Amino acid sequence: MLRQVLKSILKKPVTIMYPYEKLEMPDKFRGKLKFSPEKCIGCKMCMKDCPTGAITINKIGEKKFEAVIDLDKCIYCAQCVDSCPKKALEATKEVELAQLDKGKLRVIFDAESQKTTEEESKK
Amino acid sequence: MADPRKFKIPIGPQHPALKEPESFSVALKGEKIKGLDIRLGYNHRGIEKACEGKTFIQDVYLLERICGICSHSHSTCFVQAVEEIAGLAVPRRALYIRTLVAELERVHSHYLWLGVAGHEIGFDTLLMYTWRDREAIMDVLALLTGNRVNYGINCLGGVRRDIDATQIKEVIKAIDELEERTKYYIEVATQEVTIIERLSGVGILSHEDALRLGAVGPTGRASGVNRDVRRDDAYAAYAELKFDVITDDHCDVYGRTLVRVKELLQSFSIIRQVLKNLPDGPIAVRAPRKIPAGEAFNRYEAPRGEDVHYVKANGTEFPERVKVRAPTLANIRSVKQMLKDRYLADMPIVIAAIDPCFSCTDRLISVKHDNKEKEVMEWQALRSYSIDWYSKRGVDFTELNKKLEEKFKHK
Amino acid sequence: MSAIFSILIFPGILFISVAALFAEFLDRRIYARLQNRFGPPWFQPFADFVKLLGKEEVVPKDANAVMFKAMPIFAFASSVCAFLYMPLYRQNSLFPFNGDVIVVLYLLTVPTLAFFIGGWYSTSLYSRIGSVRSLMQLFSYEVPLFIGILSAAVLADTWSLSQLTVFYGEHNWFWLFNLIGFAVCLIALLAKLEKVPFDIPEAETEIVAGSFTEYSGRHFAMLRLTLDVELVVGSSFLAAVFLPFGYSFGPIIGFAIFLLKVLFIIFLLSVARTVVARLRIDQMVNFCWRFLVPLAFIQLLLNLIIKGVIVR
């Protein structure tokens, strides 16, 4: 043990100084979800299979759907990605999702703008 | 207080030695332990009941979260039970991938235990080193499954993620490195004077006591109980793999340490075999949403011992009953025996030596007295029932049973 | 005026406190690096100290408040006092007198006793077990520590720290005779500082924080500082007794050499606590009486013989 210990004095510490250095997530990583509204057919299988009820699909027009994802409810199991028959959902590598404002944890993917908008906190 | 040297101190529910809330009330005389009261139930989360309100697909993720360390154990055990009810033929490739993740999990769990044990005896350097090396396994698991804990690799009928050649290379690289380190830790555990001083002769659980109290996993195997579900009731791909069941006759914490570090080497060999013989083919079959009525009972060798799931389905999407018995529940009773007349200083390491996971353990059973149609089963009847149940499925216990009876006649 | 300066500023309370906190940083940093970690930044002990000063103070309901609050101050004062007798940059300390070796040894014992009393009066069960353990430990390591240090003094034929350094300054290589005693005292110092493998009185995983369990806020800060001061005082005491060279180059270089010696001892202590597990109290008592005490006596015998044969 002593030899091993004295050797490590000369070694660089293995600590990774997060947040200054960040690690790359592996390809299969299950991070924040991404929703592609144009692919969605509104079958709501993802809603049915989600263990925590974190995802909601709303109909906002003729063949147009939006997804509301509660990031604080999501357990990042990516079952919805598997359940989706049209591959409208996708898990990204994004992990840094901590927020002080709880309202920002509710992400709405809107078909109209085709862009992610973050709804302001509402009480 | 009549005798000022005699007093009771609470270890827990909140205590630095325990990583989860659990209450041990210790009666002390000086530094010696004279009595011990264990109270479970501070971590009850109602998971079994919650399972009944969710579909089978959702339950896989819920049960995976019973334990943060042996999460794959619980989900595999449940999935296997459901597959048995539904009569699904899981592809071989899926079984191999499950086995791979299971063994990687065992490696990470045993490494974690080694660090915790080091910390409990005040050897923080061991903690830092083992946990540093454990990172390699965590990274491999993230690479294969998509997350460091709660892998989410299982689904009904197979696994969710396939592995490819580059990943196999990564795994083998990590395994090679870790095997080297494991050999070093075996050296440390068997040669460091202070470690041996603190571990050997501590928390003695004799072979008879281990059988009587039903110790499972490394706790039992360190007392010479030669049992391992992987061999005795082979599931997943274990029937096709070659490995030894490590036992030890030290009967103390030192023996448990040896069993665990040697099991690491076995795990590495299993992982190598799995990667070498990985069959081709699909990774999952389609599972029905509605599981036909029926019940199943599944055993699984988790890193901490035998994990048991019972599932009853009634033909809908929701299970009627899910029962989980985590290995810690089987082992916790032996702690009292181990701590008899020991020093207070041995308490943390003896508790840690069974590798307790209290939140897995906490289950609630309420017995209703007004049920008229109850059937009372005596211990003997229950045992012969279980032996029958297993012999129907081709597991023979008559040999083992004879041995057991002889042992107790002796007493 | 100069006396007040030396007591309050250099080498008194202010200097020793800063040095002690810095020593804690060094100890933690070396410990971390030995474990292949990064370790805390240099201001961490200072930040901890300041934070503790601002925290709410809780005195247990059943505790004897006077004793409970007095003990940390008592412990701190006595350990700072001991530092005044260290030969820092010249062979004489600030207030040398014949017998200060013994006084320093006893001043270093006082904090342990204060921990015992403070822990006992805080009425918590964890504290009481910790207190009894620290007292039991005291009886085990004190004997080898005393004999080890006194045998060096026996060789020099003086009870004064200043005389001792003068003697070893004159007989250049005589300190090499004391190496056994040095090793014994290093181990005993580990026990005194309650560091692994002898952190039995405050074994975190068994009895939370031992005697300190109920302390919070200012008084806990004081106790922490006391332990750090003890680290510096103990290391410099060993440096003065067992590594008594390098005073002949004038005050500034002498002071630098002295600091180096202290750092070396702190480094040895850090390495020692990295490679071992915590012992049990019975094992600790056994170890001290079976190995340390005989070794210390061998040292004493050796020094008596050397004194009879060579020094005369």
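What pattern does chain A follow, read along the sequence? Chain A follows α-β-α-β-β-α-β-β-β.

This is a predicted model, in which local features need pLDDT of at least 70, side-chain atom pairs count only at pLDDT 80 or more, and totals for chains, interfaces and linings use all residues. Residues are numbered from 1 along each chain as its sequence is written, chains are lettered from A and ligands numbered from 1 in the order in which they are written, and side-chain values use heavy atoms, with hydrogens and water left out.

View 1. Chain A has 3 helices and 6 strands. Helices (H or I, at least four residues) and strands (E, at least two) are DSSP runs, numbered from the N terminus. Of the 123 residues in chain A, 39% are buried. Buried means under 20% relative accessible area, exposed over 50%, and partly exposed in between (1.4 Å probe, protein chains only). Look for the peptide bond from Tyr18(A) to Pro19(A): it is cis, with omega near 5°. Pro19(A) is in the loop between helix H1 (2–10) and strand S1 (33–35) of chain A.

**View 2. The second largest pocket.** Its volume is about 1,100 Å³. Of its 35 lining residues, the closest to the centre are Ile16(A), Leu23(A), Glu135(B), Asp139(B) and Arg148(B). Helix H5 (124–145) and helix H6 (165–191) of chain B are the elements that give two or more residues to the lining. H5(B) gives the largest share, 11 residues. The lining divides into 16 nonpolar, 4 polar and 15 charged residues. Here Ala, Val, Leu, Ile, Met, Phe, Trp, Tyr, Cys and Pro count as nonpolar, Asp, Glu, Lys and Arg as charged, and the others, Gly among them, as polar. On a 1 Å grid over the protein atoms alone, a pocket is an open set of points where a 1.4 Å probe fits, with protein on both sides within 12 Å along at least five of seven lines; lining residues have an atom within 4 Å of a point. Grid points are joined across faces, edges and corners, and a volume is the space filled by probe spheres set on the points.

View 3. Over all chains, the structure holds 19 aromatic pairs. Tyr184(B) and Tyr185(B) have ring centres 5.6 Å apart and planes at 55°, so this pair is tilted. Rings of Phe, Tyr and Trp (its six-membered ring) pair if their centres lie within 6.5 Å; planes under 30 degrees apart count as stacked, over 60 as edge-to-face and the rest as tilted. Both Tyr184(B) and Tyr185(B) are buried. One aromatic cluster is formed by Tyr235(B), Tyr238(B), Phe243(B) and Tyr300(B). The charged end of Lys32(B) sits over the ring of Tyr343(B), 5.3 Å from its centre. A charge sits over a ring if NZ of Lys or CZ of Arg is within 6 Å of the ring centre and within 35 degrees of the ring normal. The charged end of Arg134(B) sits over the ring of Trp131(B), 4.9 Å from its centre.

**View 4. Positive phi in two loops.** Ala236(B) is not a glycine, yet its phi is positive, about 45°. Ala236(B) is in the loop between helix H10 (229–232) and helix H11 (253–276) of chain B. Asn36(C), also not a glycine, has a positive phi of about 65°. Asn36(C) lies between helix H2 (13–34) and helix H3 (44–53) of chain C, in the loop.
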